[in-house]
Structure formats: C-alpha cells, structure tokens
Amino acid sequence: MAKKSSAFPVGLYGALLVALCALTLPAVFQPVERALLGAVARVSRAAAGLAGEPVGAAPAAVGAERVARSSDVLRRVAAHHVGGAPAELALRHGPVRCRVFGVGGRGGGGGAPCELRLDRTYAELGDSLPFVTQGDCFVGYLAQPGGPGAADDVPGDLARVLLPNHPLAAPMHAEVEVGPDARLRVVVRPAAAADPAPVRVDLWDDPYAAARMERALLPVWTRAVVGSGSHVPGGLRLGTTRIWGYARTDDDEALTLGVFVVPEPSAPSLSHVVAWRRDVAGAPVEPPVAAAFATATVREMPGMAAGRFLLVADGEVADGAAVARDGALLGVVRPLAFGSGLVTGFAATRLPWVLLLAPDGVGVPPVELRAVVVRAVGERVWLRRLGDVMAAPLPAVGELFTGSNGAHCPAGLWIGRCEADSQDLNQLIVALPPLQGAATVRWCTGERRP
C-alpha cells in the first residue's frame, strides 16, 4: 500500500500567494500583467499580419463629413461659452478657452466634486482674472500655486479651479431672483459634505421672507458689492435654489429651514471653461490646447464579445486614449506591452462619459451631460444621464459627440445620431456606425501641437 506524501505543496501555495498579492496590489503587478498580455497579443498580431492589409470601413467622404461636424460642434460650444459672457466682462478682457482635464477634490459641499484641472498651467494663466466662467455662468475660482487649495502646486502644474462648494472657497455675495422685479440679497458659502446640495445660503437681507420661501429652482446670480474684497463681478449665474424644510399643508404655512444652491453647469459634465486675460480688451479668443493623434491599426478580436479590438501602434499607448475610426469614436484603449492595446468599443463601455449633445436646429447651443451606457442592441446604444434629477429634459433629436474625458480623450469626436427615449426622459438612444473588421485608426497621444 502506497504511503501518502506529507510534503508541503510549496509551489501551489506560492502561486496562490502571488495571485492574492496581485488582487490586493493591482498597481504593483500591473506592469507584469501588461507584459504577459502584450506577449500573448503578439501571437494575434502575427496571425493578423497574414490576413492582409486593413481597409477603411467607410468612404473618405463620410470620414471628412464627420470631421466637419466635429469642428462645427466645437465652434458652437465656443460661441456659447464666450459669446454668452456678460458684455462688460467681454469688453475689458480677452477670453482663453480651456479644456477640463479632470474633475475631483474631496470634502466638497453636498458630497459633490469640488475641483477642476485645466489643460493650461498656472504660468500660462498667470495674467488671468481669479475666476473662470462658462457663458453667463460662474464656474469657480482660479487657484494660485502655493495658495488655498493648491499648497503643493508649482507654476508649471496644470491649473486648478476651486468650485463654489470647495471647503476653502470664499463666501460670495449673491441674489435670489424671487420674481421678475424682486431679488433677495444673500451671502452663499460652501455647504457641508453631508448637506443635500453643494452650496448653502448663509445670510439673508430679509430673513422673514426667506423663512416663507417654498419654491425651488429660483435663479441665483452673483452680486458685486463695493468694498467686499471679492473679485467676482455681478450678473453671473451661480445656479438654482433647492429648499430644505416643511411643505405647506391645509393647517400650516410652509416652513423653510434652509435654502441651498445647485451650481450650473454641473461640474462632472464640464468640458470647457473660459479664463479671462487682464487688460487685453478686444483680443481674439484663445482656443484650448489641441490634442495630437497618431496612426495605428485595429482588428476585431476573435472569440470575444462585439466591440473588442486589438490595437497595434508604433509606440506605447496611453491608458484611456480615445481611438477614432473614419472620423467617429471607436472606443478607448487599455495599453499592453510592445505597442499593443485592447480597445473597448463605445457600446461596450460601462464607465461614465462626459458628452456633448448638439440638438438639431440653428442657433441652439450644445448640451453638456454626463451619461453611462446601460445596454446595447446591435448598433443601437441606450445612455442614461447622470446627475441632478431636476435638470432640464434632453433634446428630442441631435448628434452626440465626446466631451472632455481626460488628457487623452478630447472633446468633439463624433459618436452618432441620437434621440430621446420616449420611455425614459433621462435616456438617449444612439445609432452607432458599424465597427466590424480591420481598419486604420487614429489614437489620441495627448501631446500638444507646436
């Protein structure tokens, strides 16, 4: 009878320990994972090379038309963001359009993001006014390196914007528009992280009228006060009110315990903002820093769900870089080793997107929104809008483009025609172009053009 071995299975338990470490410390083992996946991808690349050269899926005229639409939507965005600014501000200062590279920050009022990162450095915006706008809306305070909210920043870092709900944002004079000819003067300041909205109304010139306020969605505007020390001009839209208290009943009057403000536009949906140069009245609009693209090849991955592609480039690919095919967004790439990457088509993504919706019609400005893909059937994709449930309804029909989704996914890439979902006012149905087969594509390197 054979005797059972009592040797300790060192190899088995060692492999399990390595697997556990890889799961708990993904950043440490990520280079190893990329190298292994890249090595496996070389087999697919070699096999794909025997299948012939890739060809474009659409005629050149189609790609050119999509590129023209992308340029048009960016012009419409610029016209709205710069042309909608108060006349006094536009006459005295020169506008600088900036892309939003990131939205974040901790401890913001209402639990919402409280910081932006722009595509320009502090040094590049050193002669700008200490705030940024979008159209007639106040967006936030332009931080200074070494100052509040940017203590560890240096002039060469990308500029940071402190939103009105940032814990270190200064209180602001404002007005609540309670009627066509009636405004209540107030002071607003950042709300607590646990509050129901990002900004809180702190002081009123008429507390009795404030206690009887029962209407939400009243416009709130900035107000200039001589000698206040604030650099924010009056007449900029801050947001709309939200009421916290007890509603009117048959026996009692309404009792307002607190009035909050939801800033507009919503920070997570921002793609561009406008800074203003000092003493350069009449200067032309400075466009945002343009993104650069490099050429690569994609081939549909066999044996995987639709919308997965293998990208082959000449150099290392940036994580989350946008990939465009025939002038339309194909998806985003996850880098591997040896110049390879895995592309996830737009329909297969499940992370939130910042998007631009250009409604049909002349003179209608594009809508910025944040949405996530909830399902896809063939070439039709359902998107659900994220954010304030009291936001305005989505346009009925239009075209969908990318907004700013980081340094390597710029705004303006055409996605497809879209329409509002008749079954859900917070959903869009998007018709995507066909994505099968192999083709030459462009991926965003994120580099600046000279």
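A residue counts as buried when its relative accessible area is under 20% and as exposed when that area is over 50%. In this predicted model, Phe138 has a relative accessibility of 1% and therefore counts as buried.

**Nonpolar cores**

- The largest nonpolar core has 48 residues, and the members that touch the most others are Leu116, Leu118, Leu125, Phe138, Val188, Trp204 and Val273.
- Beyond the four places on either side of it in sequence, Leu116 touches Val100, Gly102, Val103, Val139, Ala159, Arg160, Val161, Leu163, Ala267, Leu270 and Val273.
- Another core, of 23 residues, lies apart from the largest one and includes Ala322, Val332, Leu355 and Ile415.

**Aromatic rings and charges**

- There are two aromatic pairs in the structure.
- In one of them, Phe138 and Tyr141 have ring centres 5.3 Å apart and planes at 70 degrees; because an angle over 60 degrees counts as edge-to-face, the pair is edge-to-face.
- Two arginines place their charged ends over aromatic rings: Arg375 sits over the ring of Trp382, 3.9 Å from the ring centre, and Arg442 sits over the ring of Phe293, 4.3 Å from the ring centre.

**Helix H3**

- Helix H3 covers residues 60-83, which makes 24 residues.
- From first C-alpha to last, H3 reaches 34 Å, close to the 34 Å expected at 1.5 Å a residue.
- The buried residues of H3 are Gly63, Arg66, Ser70, Val73, Val77, Ala78, His81 and Val82.
- An α-helix has 3.6 residues a turn, so residues three or four places apart point the same way.

**His272, a buried strand residue**

- His272 belongs to strand E12, which spans residues 272-277.
- With a relative accessibility of 2%, His272 counts as buried.

**Ala224, an exposed loop residue**

- Ala224 lies in the loop between strand E9 (219-222) and strand E10 (237-246).
- Its relative accessibility is 53%, so Ala224 counts as exposed.
- Ala224 and Met172 are separated by 52 residues in sequence, and their C-alpha atoms are 9.1 Å apart in space.

Conventions:
Residues are numbered from 1 along each chain as its sequence is written. This is a predicted model: local features need pLDDT of at least 70, side-chain atom pairs count only at pLDDT 80 or more; totals for chains, interfaces and linings use all residues. Side-chain values use heavy atoms; hydrogens and water are left out. A nonpolar core is a set of buried Ala, Val, Leu, Ile, Met, Phe, Trp, Tyr and Cys residues joined through side-chain atoms within 4.5 Å. Buried means under 20% relative accessible area, exposed over 50%, partly exposed in between (1.4 Å probe, protein chains only). Contact means heavy atoms within 4.5 Å. Rings of Phe, Tyr and Trp (its six-membered ring) pair if their centres lie within 6.5 Å; planes under 30 degrees apart count as stacked, over 60 as edge-to-face and the rest as tilted. A charge sits over a ring if NZ of Lys or CZ of Arg is within 6 Å of the ring centre and within 35 degrees of the ring normal. Helices (H or I, at least four residues) and strands (E, at least two) are DSSP runs, numbered from the N terminus. The expected span of a helix is 1.5 Å times one less than its number of residues.
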